[in-house]
Amino acid sequence: MAQRGISIAQACRAFGISQTCYRYQAKLSQENARIADWLVRLTHNQRNWGFGLCFLHLRNVKGFGWNHKRVYRIYRELELNLRIKPKRRIVRERPEPLAVPEAINQNWSMDFMHDSLQDGRTYRLFNVIDDYNREGLCIEVDFSLPAERVVRALDQLIEWRGAPQAIRCDNVLTVESSAEVQAKAA
């Protein structure tokens, strides 16, 4: 406008913007700074609060009458909506190394597996393996394997091979004496 000596209206038409947009000045910028200050303090002290809790605290506890859209706009400008909650780590004990059996019938491993047929029906497998020589001692296959069926399969296996010193199931070792295993089977 100063170089060409044209009016504001002509300059706005040349650049394709409205005169209202050209003349607009943000109001309440100090108020926005106050909202931003409150939001930063709240999210710093209450790390697990999202926008909703912050806004309700400002509205109901502190008594501010700010519009939720205005507060949310400032909340986003401060990038407080991008905070990521840290994962809580589960403290686990160090697993003991797997015991290497030195003879047949010392340790057995048992596990369940499942798969599905082409028509969509699923079937389950119950496997028992001798850890010493990796011999498959028992494989039970059916659409359903109730507990009684598993117990019956283990009883038959104990009758045929004798009781093991320990049975591993999902890396958990249950150690029982042969007498205890036979007493439970009886």
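**Charged pairs, cores and a surface patch**

With a relative accessibility of 45%, arginine 121 counts as partly exposed, a class between buried (under 20% relative accessible area) and exposed (over 50%), computed with a 1.4 Å probe on protein chains only. The model is predicted, so local features need a pLDDT of at least 70 and side-chain atom pairs count only at 80 or more, while totals for chains, interfaces and linings use all residues. Residues are numbered from 1 along each chain as its sequence is written, and side-chain values use heavy atoms, leaving out hydrogens and water.

Arginine 121 meets the side chain of aspartate 119 in a salt bridge of 3.0 Å, N to O; the term means a side-chain nitrogen of Lys or Arg within 4 Å of a carboxyl oxygen of Asp or Glu. Aspartate 119 is exposed, at 52%. The structure holds 9 salt bridges.

Another pair joins aspartate 131 and arginine 168, with the closest N and O atoms 3.9 Å apart. Aspartate 131 lies in the loop between strand 2 and strand 3 (135-142) and arginine 168 in strand 4 (residues 166-169), so the pair ties together parts 37 residues apart in sequence. Helices (H or I, at least four residues) and strands (E, at least two) are DSSP runs numbered from the N terminus. Both aspartate 131 and arginine 168 are buried. Asp130, Glu135 and Arg161 are linked in a network of salt bridges.

In helix 5, arginine 73 and glutamate 77 are 4 residues apart, about one turn of the helix, and their side chains form a salt bridge (3.6 Å, N to O). Arginine 73 is partly exposed, at 32%, and glutamate 77 is exposed, at 56%.

Helix 5 also takes part in the largest nonpolar core. A nonpolar core is a set of buried Ala, Val, Leu, Ile, Met, Phe, Trp, Tyr and Cys residues joined through side-chain atoms within 4.5 Å. Among the 16 residues of this one, Ile35, Leu39, Leu58, Trp66 and Val71 touch the most other members. Helix 3 (29-45), helix 4 (51-61) and helix 5 (68-77) each supply at least two residues, and helix 3 gives the most, with 5. Beyond its neighbours within four places in sequence, valine 71 is in contact (heavy atoms within 4.5 Å) with Ile35, Leu39, Phe51, Phe55 and Trp66. Apart from this core lies another, of 14 residues, including Val128, Cys138, Leu145 and Leu157.

As for confidence, the chain averages a pLDDT of 84, on the predictor's per-residue scale from 0 to 100. Where pLDDT is low, the predicted coordinates should not be read in detail.
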